[in-house]
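The following exercises are meant to be worked through with the sequence and the coordinates side by side. Try each task before reading the solution below it.

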Amino acid sequence: MRKIIALLVLVSIVCVSCAALAAEQPPVKVEQVDVAGEIAAADGKYVLETGKLYHIALEANATTGYAWSAELSDASLTLIAEGYDYVSPADGSVGVGGTQHYFFRAESAGECALTLRYKQPWMEDSAEDTTIAYAFVIK
């Protein structure tokens, strides 16, 4: 009985904490930057709007030690959050990948390059690293 009461108290504390966080942080509308280029301008640069938030999701496998890193060339686009999403497979297999997320805000008009590199962080950069480069025009 004591374990049930302790569990109920813990659940109540978590619920109150989550409600407090939700009250402090308004919901955020996020638009995804499409690698296929649906929002790309004719010159190959993605056109972003000042003040809007953008999301890039990349396949990753943290169990290998590999992770994506992001490098921005200019402060007109800022990284506001990043995270890793993993869903355990139903068959219980291990070493399965997930999704790494980056959330950016277009701060001011200008041009900015974003380089995303998939590598083991303790290793030096090499030509064998998977690299994705975006060019943005922020209006």
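**Exercise 1. Find which residues touch the most other members of the largest nonpolar core, and which elements supply it.**

Solution. A nonpolar core is here a set of buried Ala, Val, Leu, Ile, Met, Phe, Trp, Tyr and Cys residues joined through side-chain atoms within 4.5 Å, where buried means under 20% relative accessible area, exposed over 50%, and partly exposed in between, with a 1.4 Å probe and protein chains only. The largest such core has 18 residues, and Leu 77 and Leu 116 are the ones that touch the most other members. Two or more residues come from each of strand 2, strand 3 (53-60), strand 6 (98-106), strand 7 and strand 8; strands, as DSSP runs of E, have at least two residues, helices, as runs of H or I, at least four, and both are numbered from the N terminus.

Next, list the surroundings of Leu 77, taking contact to mean heavy atoms within 4.5 Å. Leaving aside neighbours within four places in sequence, Leu 77 is in contact with Leu 48, Leu 72, Phe 104, Arg 105, Ala 106, Cys 112, Phe 136 and Ile 138.

The model is a predicted one, in which local features need pLDDT of at least 70 and side-chain atom pairs count only at pLDDT 80 or more, whereas totals for chains, interfaces and linings use all residues. Residues are numbered from 1 along each chain as its sequence is written, and side-chain values use heavy atoms, with hydrogens and water left out.

**Exercise 2. Decide which parts of the chain have the lowest and the highest confidence.**

Solution. Begin with the whole chain: the mean pLDDT, the predictor's confidence in each residue on a scale from 0 to 100, is 75, and 69% of the residues reach 70 or more. Then go element by element: helix 1 (residues 2-24) has the lowest confidence, at a mean of 40, and strand 4 (residues 67-72) the highest, at 93. Over residues 3-32 the pLDDT is below 50, and this stretch has 12 contacts in the model beyond near neighbours in sequence. Residues 34-38 also stay under 50, with four contacts beyond four places in sequence. Where pLDDT is low, the predicted coordinates should not be read in detail.

**Exercise 3. Work out the strand order of the open four-stranded sheet and which strands stand at its edges.**

Solution. Two strands pair if DSSP finds at least two bridges between them, and the order that results is 2-8-7-4, with mixed pairing. Strand 2 (46-48) and strand 4 each have a single partner strand, so one side of each is left without a neighbour in the sheet.

Now take the pairs in turn. Strand 2 and strand 8 run parallel and are joined by three bridges, and Tyr 46 stands opposite Phe 136 in strand 8. Strand 7 (residues 110-119) and strand 8 (residues 130-138) are antiparallel over nine bridges; here Leu 116 has Ile 132 as its bridge partner, while Arg 117 stands opposite Thr 131.

**Exercise 4. Is His 101 buried or exposed, and which side chain does its own side chain meet in a polar contact?**

Solution. His 101 lies in strand 6 and, at 17% relative accessibility, counts as buried. A polar contact is a pair of N or O atoms within 3.5 Å, where within protein one must be able to donate a hydrogen and the other to accept it, and residues adjacent in sequence count only if both atoms are side-chain atoms; the side chain of His 101 makes one with the side chain of His 55, at 2.7 Å. Not counting residues up to four places away in sequence, His 101 touches His 55, Ile 56, Ala 57, Ala 81, Glu 82, Gly 83 and Asp 85.

**Exercise 5. Describe how Lys 119 and Met 123 are placed.**

Solution. A polar atom of the Lys 119 side chain lies 2.2 Å from the backbone oxygen of Met 123. Finally, the C-alpha atoms of Lys 119 and Ala 67, 52 residues apart along the chain, are separated by 5.7 Å.

How values were computed
Contact means heavy atoms within 4.5 Å.
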